[in-house]
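Let's walk through this fold one piece at a time. Keep the viewer open as you read.

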Amino acid sequence: MIKPKRLLSLLLRFIAFGTTLAAVILMATSHEKGTFFAVSYEAKYTDTPAFKYFVIAYAIVTVYGFLVLFLPPGSPIWRLVLALDLVFIMLLISSISAAMAIAQVGKNGNPRAAWLPVCGQVPKFCNQVTGALVAGFIALITYIILLLYSIYNFLNPLFEKA
């Protein structure tokens, strides 16, 4: 029978894997053709370096999350996983921050820089990017909860002996 601590950890890891995978798929498939003053263009995630960074970072964390699901319980590698969780949380934070900044400019524009909002011309693209960012944010929160839970489980035996 599986221990409750292990079950909760696996559940959180599975949720994190699923949401990072969803974020990658949503962002990577976001594209739409639009027109602006009789000029037609295609909006896609590859047009923006921040969105490319988001896809690459979340894809890396997705692969990591998938591999960690198959680690045996009690393995000494779990100490490394604790450190890697922290590193990947920082990667997720930086990538979602960059993507959110660009998404905000795409949605609202920047009047001081004379950048017009584009979401009026390509709403499907913007909605899909928003969905990817929401999934990415849920993944980030899940990884933070997972890290805190892992730290608690790692340090709890140390405090019980005292």
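Contact here means heavy atoms within 4.5 Å, and helices (H or I, at least four residues) and strands (E, at least two) are DSSP runs numbered from the N terminus. Bear in mind that this is a predicted model, where local features need pLDDT of at least 70, side-chain atom pairs count only at pLDDT 80 or more, and totals for chains, interfaces and linings use all residues. Residues are numbered from 1 along each chain as its sequence is written, and side-chain values use heavy atoms, with hydrogens and water left out.

How confident is the predictor? On pLDDT, its per-residue confidence from 0 to 100, the protein chain averages 90, and 97% of its residues reach 70 or more.

Now find H1 (residues 4-28) and H2 (residues 49-68): their axes come within 8 Å and cross at roughly 150°. Axes are lines fitted to C-alpha atoms, for helices over the stretch in contact, with angles from 0 to 180 degrees between N-to-C directions. Angles over 145 degrees count as roughly antiparallel, so H1 and H2 are roughly antiparallel to each other.

Next, follow H2 to H3 (residues 77-108), where the axes come within 9 Å and cross at roughly 155°. That makes H2 roughly antiparallel to H3. The contact of H2 with H3 divides into 21 nonpolar, 2 polar and 1 charged.

Finally, look for the disulfide (a pair of cysteine sulfur atoms within 2.5 Å). The count comes to 1, joining Cys119 to Cys126 with S to S at 2.0 Å. This link of Cys119 and Cys126 is left-handed, with -95° about the S-S bond.

Key:
Angles under 35 degrees count as roughly parallel, over 145 as roughly antiparallel, 65 to 115 as roughly perpendicular and the rest as oblique. pLDDT is the predictor's confidence in each residue, from 0 to 100. Ala, Val, Leu, Ile, Met, Phe, Trp, Tyr, Cys and Pro count as nonpolar, Asp, Glu, Lys and Arg as charged, and the others, Gly among them, as polar.
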